[in-house]
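Please examine the structure shown below, together with its sequence.

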Amino acid sequence: MRQRLEVRDPIHGFVYREPEERDVMDTCIFQRLRRLRQLALASLVYPGATHSRFEHSVGAFHLAGKIANALDVDTSETRLLKLAALLHDVGHGPFSHVAEPILKRHSDKTKLGDQVSESKVHELISWQIISTDKELARLISDKHREQIVGLLKGSWGHSYLQEIVSGPVDADKQDYLLRDSLFSGVKYGVYDQERLSNTLVIHDDNDDKFLAISIDGMHALEQFVLAKYYMTTQVYRHKIRLITDQMIERGIALGIEEDKVEWLKALYSFDGSPEYVAHYMEWSDDRLINEILGNATKDGYAKKFFKRLYNRQLFKCIFDVDQNDFPDPTVRNFVFGDSKDFYKPLEKAVADILKLDSNEVIAYTIKFDSATRTESEIPVIHRMKTTLFHDESTLFKSVDQKIREQRFHIYAPVSFQDDKDKKKRLREYKNGILELIGKMADPQTRLALEGSLPG
Amino acid sequence: MNTSQFVLSLIHASGEVRGRTLLQKRGFFVSLLTGLASELGYQAHYYGPYSAVLDGTLTQMKNLGFVEEGTTGFGIVSGGFEMRRYDYSLTEDGEKVLQPFLKTKEYADIANAVRRIRDAGDPDYMELSIAAKAYFILRKQQKGMTSAEMLKEAEKFDWNIPEHSLGRAASFLSTLGLTSG
C-alpha cells in the first residue's frame with residue numbers, strides 16, 4: 001500500500017504528501033519559513049495574524065496539486081508543480097515583502113546586472129537556493145530543480161503550468177487570501193475555492209495553450225477578484241498596517257544609511273554569492289528585532305524605530321489624500337507620477353513645521369504594483385465562443401480600477417490630546433502640506449529644488 | 001524618462017492607438033528602437049511579448065484622468081474569440097501633463113520610432129505580434145536562425161507562428177534595422 005503522510009491544515013483539512021515532499025518540507029531551508037511571518041507586523045492590527053510562510057507554502061503546495069489534478073496534468077509535471085509551489089517563498093527574508101525595497105536598493109548591481117531590475121530580489125534568492133542548496137540537491141535531481149526554477153521564472157513549461165504557480169489565479173493567491181482572512185479574523189478573503197479550481201481549463205486556440213476559465217466558473221472568479229479587493233483594502237492596506245510597514249522599512253534603511261550598522265548592511269546587500277545566501281538563511285523576523293534592540297547594536301534610528309514597533313508606539317498618519325484632491329493635472333501628476341524626488345524635500349519641510357527630525361517623517365504613495373498581472377486577460381470559455389474576463393465581468397473593471405487608485409500619505413511621530421485636537425490639527429496639516437506640494441509642483445520651484453538636491 | 005511619460009508620449013505620437021494589443025506591441029518596438037523605458041520588462045506571453053508594467057501604467061494613467069479608453073465590439077471572429085477593441089487617446093489633462101515634455105529629445109525619439117514603424121509597412125497588431133515574437137526569440141538565442149529553427153523555438157513558448165508570416169516579420173525587422181537581414 002502507498003504510504004500517505006498527511007498534515008492537518010486549518011484551511012484545507014488534510015494535506016497529503018509523498019515521502020519526497022515530506023523530506024523537502026523537512027529541509028532547513030523550508031523549516032526556516034516557520035520563523036517568517038506571512039504578514040510581517042500585521043498582528044499589531046489583527047492580533048491573530050501571526051501565521052507563517054511555512055503553512056502558507058504547504059497550502060500553496062496542496063492547491064497546486066489540486067488544480068493540476070482538476071486539469072488532468074500528467075504525474076511528472078504535477079510533481080514539479082507541487083514542489084515549485086512548496087518552494088516559491090524560500091527566498092524571503094525577515095519581514096518578507098516589506099524589506100524588498102531595501103534589498104533592491106542595496107543589492108550589488110555590478111555583480112547581478114539586469115536581474116535586479118527585471119525580478120524581485122527575494123525571487124532571485126529563492127531561485128538560487130533551489131538551484132544550490134545541498135540538502136535539496138540530495139532529494140531532487142539537478143534537472144528537476146532547474147525545471148522547478150524555470151516554472152517559477154516563467155522560462156520552462158507550458159504557459160498553463162507556469163500560471164498555476166505564478167499567474168493571476170495561481171495557487172499562491174488562492175491560498176493566501178483564504179489563510180490571511182482566517183488568521184486576521186475577517187471574512188473578506190473567502191471565495192469558492194472548490195468551484196474556482198474545478199472550473200479552470202486548459203485552453204488551446206491552435207496558437208497557444210493557456211489557463212482559462214469555463215463560463216461556469218465566472219462567478220467564482222468574480223468572487224476571487226472581490227476577495228482580493230476586500231483583503232487589499234481591509235487588511236493589506238489597512239492604515240495602521242501601512243504605518244508599521246513603513247516604519248520597518250525606514251528603520252532598516254536608516255540603520256544602514258545613517259547609523260552605519262554593518263551587519264544590517266551585509267544582510268541586505270545580496271550579491272549572488274553562496275556565502276551571502278548561507279548568511280541570509282540564518283535570519284528570521286524575531287532575530288532581526290532582537291539584534292536591533294540588543295546591546296550589540298548601537299543606539300540610533302534603527303533602535304528607535306524598532307523600539308517603537310516593539311511597544312506598538314506607532315507613527316500617525318498626518319496627511320491622507322487621493323488624486324481627487326488635486327484638480328490641477330500637473331500637480332496630480334507631480335504627486336502620483338513615477339518620480340519620488342520630491343519626497344525628501346517635502347519630508348524636510350513638514351519636519352521643520354512639526355519641529356521633528358526629517359528622517360522621522362515618512363512620505364509614501366500607496367499604489368498597486370504595476371508589474372502585477374491581473375485577471376483581466378483570463379480567457380472565459382463559452383460553448384461557442386471565447387471572451388476575455390474583463391469583457392465578460394460586469395464588476396471586474398470597477399474593482400480593478402478601484403484597486404489601482406493611489407493615495408498619498410505622510411506619517412510622523414505626533415500625538416493628539418483628544419479627538420477635537422486631532423481633527424483640528426489634521427485639518428491644519430492638510431492645508432499646510434497641500435500648499436507646500438502646490439509650491440513644489442510649480443515648475444520654477446522645481447528647478448530651484450532640483451538645483452539644491454545632491455547629485 | 002519614466003514609464004508614464006513613455007506611455008503618454010507613445011499615445012500622443014500615434015494620435016490614437018486602436019487596440020490594446022497594438023499598444024503593447026508598438027510599445028515593445030518603440031522601446032526597442034529608442035532604448036527608452038527598459039523597465040517595461042517585456043516577457044513571453046500567449047499573445048507574444050507582453051509588459052504588465054505597460055498595462056499597469058496605462059490603467060494608472062486612466063485613473064489619473066490622463067488617458068481615455070473607448071470600446072468597439074466586432075462580434076465573434078473565427079476561432080470563437082469575441083473581438084472587442086479598446087482605443088486610447090490623451091485627454092485634455094493628459095495633453096497638459098505631457099506639454100513640457102514635447103520639446104525633449106526623448107519625445108522626438110519616440111515620435112521618430114512611431115514614424116519608422118509606420119514607414120516599415122504600419123503592421124497591424126497581428127503582424128506586429130508575430131514580428132515581436134520573432135524578435136523575442138532571436139534576442140534570446142543571440143544568433144541568426146533559419147525559419148525552421150525559429151518555429152521550433154517558438155513551440156517552447158507555446159507560440160504557433162504561421163510559417164508564411166515569418167517572411168513579412170523578417171522584412172519588417174530588417175527595415176527597422178533590428179536584424180542583419
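In this predicted model, helix α15(A) passes helix α19(A) in a left-handed crossing. Helix α15 of chain A covers residues 239–257, and helix α19 of chain A covers residues 301–310. Their axes come within 7 Å and cross at roughly 160°. Angles over 145 degrees count as roughly antiparallel, and α15(A) and α19(A) are therefore roughly antiparallel to each other.

Which residues make this contact? On α15(A) they are T244(A), M247(A), I248(A), R250(A), G251(A), I252(A), L254(A) and G255(A). On α19(A) they are Y301(A), A302(A), F305(A), F306(A), R308(A) and L309(A). By class, the contact of α15(A) with α19(A) comprises 9 nonpolar, 3 polar and 2 charged residues.

Attention now turns to a sheet. Strands of a sheet pair through backbone hydrogen bonds, either parallel or antiparallel. Here, an open sheet of 3 strands in chain A has the order β5-β9-β6, with antiparallel pairing. The edge strands of chain A are β5 (316–322) and β6 (362–366), each of which pairs on one side only. On average, neighbouring strands of this sheet are turned by 20° against each other, direction ignored.

Strand β6(A) is joined by 5 bridges to strand β9 of chain A (residues 407–412). Within this pairing, I366(A) stands opposite R407(A) in β9(A).

Key. Residues are numbered from 1 along each chain as its sequence is written. Chains are lettered from A and ligands numbered from 1 in the order in which they are written. This is a predicted model: local features need pLDDT of at least 70, side-chain atom pairs count only at pLDDT 80 or more; totals for chains, interfaces and linings use all residues. Axes are lines fitted to C-alpha atoms, for helices over the stretch in contact, and angles run from 0 to 180 degrees between N-to-C directions. Helices (H or I, at least four residues) and strands (E, at least two) are DSSP runs, numbered from the N terminus. Angles under 35 degrees count as roughly parallel, over 145 as roughly antiparallel, 65 to 115 as roughly perpendicular and the rest as oblique. A crossing is left-handed if the near helix is turned anticlockwise from the far one by less than a right angle, and right-handed if clockwise. Two residues are in contact if their C-beta atoms, placed from the backbone, lie within 7 Å. Ala, Val, Leu, Ile, Met, Phe, Trp, Tyr, Cys and Pro count as nonpolar, Asp, Glu, Lys and Arg as charged, and the others, Gly among them, as polar. Two strands pair if DSSP finds at least two bridges between them.
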